Amino acid sequence: MGELSRFWRESEHRYRLIGTKCGNCSVTYFPPRDICPKCHRESIGKMKPVQLQGKGEIISYTIVHDAPPRFIRQRPYFMALIKLDEGPTITGQIVDCDADEVDIGKRVRTVFRKVAEEGKSGIIEYGYKFVVDQ
Amino acid sequence: MILNKAYIIGAGETKYGELWEKSLRELAVEAGLKAVENAGIFSKEIEVLYGSNSLAGTINGQENIGSLISDFSGIAENNIPAIRIEASTASGGAAVRQAYLAVKSGEYDVVMVGGVEKMTDIYGSEIIDLTSSVLDREWEAFLGATPAALAAMSARKYMKDFNVPREALSMMSVNDHLNASRNPHAQYRNKITLEQAVNATPVAEPLNLMDCSPVSDGAAAVIVASEKYVKKNGIEGVEILSSAASQDYLAVHSRKSIYRLDSTVLAAREALGKAKLKLDNISFSEIHDSYSIYGLMELEDLGFAEKGKAKDLVYEEIKLNGRIPVNPSGGLKAKGNPFGATGVGQFVEAYTQLKGKAGERQVKSPEHALLHNMGGTGSTSVVHILGGVA
């Protein structure tokens with residue numbers, strides 16, 4: 001589905017949750033952006049990397065049954081929209097939980113996991129998923 | 001700023017469905033030919049061709065769609081510009097909008113728009129990955145999100161915040177199937193009951209199979225012409241009164257709300273304003289209900305109801321003979337959703353309806369139609385208002 005560089009170049013964002021913060025308005029973004037959509041040219045050169053803590057709450061979630069090939073072995077799986085404490089909302093899976101533990105408003109935190117693999121001999125893709133905070 | 005008026009003078013479409021025996025190019029040519037015949041023009045009169053398509057590059061391994069359509073429509077030696085317009089599932093509306101602007105500017109008098117998608121050339125779950133390319137690949141799809149999953153997350157939050165019963169979502173699909181049962185071009189012509197819709201196989205909870213538009217093959221085409229051309233040739237066209245398009249963040253997680261489609265709010269407001277019309281003047285609408293929840297959100301964001309109140313419209317008002325008929329064609333759920341053709345197909349339906357030729361699904365004496373075509377999960381919305389027969 002892609003060359004190694006496509007995944008490798010996003011490693012620090014996906015492995016360590018590095019977003020960006022606008023030096024002009026102080027809003028934090030994830031995924032990272034080169035231009036702040038509020039400050040436009042005022043933000044150029046002022047977008048700084050920022051480490052996110054990976055803690056937040058579930059805005060909404062779904063249980064995916066019809067999955068693309070990369071995720072077939074994981075189905076059914078939870079996908080959620082999570083509002084991080086630093087501000088941005090991000091999309092990710094929720095894992096290691098029973099169905100009744102997941103709900104809107106529940107606190108979650110990121111864990112580092114295998115996201116998918118490209119067949120038996122292909123590259124293995126890693127990134128963030130979420131677990132419910134007990 | 002008085003500019004030319006633009007009219008739809010002909011329209012045609014293939015049947016939508018799983019059309020195993022027909023290729024991408026055959027579908028495009030079939031629809032194009034029907035539109036040309038319907039308009040009563042000669043293909044040599046066409047000055048520009050806009051091809052609308054979303055996924056042929058990955059599904060069919062074919063890019064350069066403008067040339068493909070032009071070539072196999074037999075007009076390669078006319079040497080006219082032939083360009084593909086891509087805005088994911090809003091490609092069709094976006095392409096007609098380009099045709100409208102081309103005529104309105106005075107540059108061209110006769111423009112053809114052909115939308116096509118051939119989705120069944122991929123089997124099984126692979127199509128879910130390919131349709132996920134209309135999302136943010138790196139920050140939504142990479143992590144396991146699908147178009148249905150994102151719609152489902154909007155649905156769950158929407159239902160909770162506004163206390164909307166699951167049945168209200170299903171009613172969009174029940175209405176689509178009922179209307180499609182009267183449309184010979186529709187993919188699914190079977191009526192469904194509310195009970196069947198509610199209890200279908202889950203796709204991405206709370207959405208199930210009956211909340212989701214299908215995988216479709218199909219093509220649709222329209223001919224857009226200037227006022228000058230229409231008058232000179234004594235043609236009765238349907239005027240495109242206004243056209244508006246708006247954009248939002250690509251990914252759902254970046255938007256201000258997960259159940260308000262700002263691109264739709266803005267495009268609808270602009271289109272109605274430019275046409276100097278209110279929703280009361282709209283006789284029927286074709287809306288982009290790729291997922292049932294979007295149907296409800298769109299009814300609100302187009303202005304038919306306050307946020308959370310579309311549930312009051314879906315049982316009676318949206319019916320073919322209701323106060324605000326929605327999707328007389330059968331909509332995306334039942335007529336089908338061949339991405340690049342979907343938005344153009346809305347024009348085929350509106351043209352047919354406004355001409356009074358929709359047969360047993362005819363909306364009673366329609367004057368104006370509102371067409372809403374949306375890209376992806378709402379990153380693009382294109383709204384057109386079509387007028388009475390000129």
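This is a predicted model: local features need pLDDT of at least 70, side-chain atom pairs count only at pLDDT 80 or more; totals for chains, interfaces and linings use all residues.

Me: What makes the link between B:Glu138 and A:Arg6 a salt bridge?

Reply: The side chains of B:Glu138 and A:Arg6 meet at 2.7 Å, N to O. The limit for a nitrogen of Arg and a carboxyl oxygen of Glu is within 4 Å, so the pair qualifies. Between chain A and chain B the count is two salt bridges, alongside 13 residue pairs in polar contact, both residues at pLDDT 80 or more.

Me: Which elements of chain A supply at least two residues each to the side that touches chain B?

Reply: They are α1 (4-8), α2 (11-16), β4 (55-64), β5 (77-84), β6 (89-94) and β8 (124-132). The largest share, six residues, comes from β4(A).

Me: Why are β4(A) and strand β5 of chain B said to pair?

Reply: Pairing requires at least two bridges, and β4(A) and β5(B), residues 202-205, have two, so they are a pair. Their sense is antiparallel. A:Ile63 has B:Glu205 as its bridge partner in β5(B).

Me: How many residues take part in the contact, and what area is buried?

Reply: Chain A gives 38 residues and chain B gives 29 residues. About 3100 Å² is buried between the two chains, with 63% of that area from carbon and sulfur atoms.

Me: What classes of residue make up the side of chain A that touches chain B?

Reply: That side has 24 nonpolar, seven polar and seven charged residues. A:Ile63, for example, belongs to a strand pairing with chain B, and Ile counts as nonpolar.

Definitions and conventions
Residues are numbered from 1 along each chain as its sequence is written. Chains are lettered from A and ligands numbered from 1 in the order in which they are written. Side-chain values use heavy atoms; hydrogens and water are left out. Contact means heavy atoms within 4.5 Å. Buried area is the accessible area (1.4 Å probe) that two parts lose on being put together, summed over both. A polar contact is a pair of N or O atoms within 3.5 Å; within protein, one must be able to donate a hydrogen and the other to accept it, and residues adjacent in sequence count only if both atoms are side-chain atoms. Helices (H or I, at least four residues) and strands (E, at least two) are DSSP runs, numbered from the N terminus.
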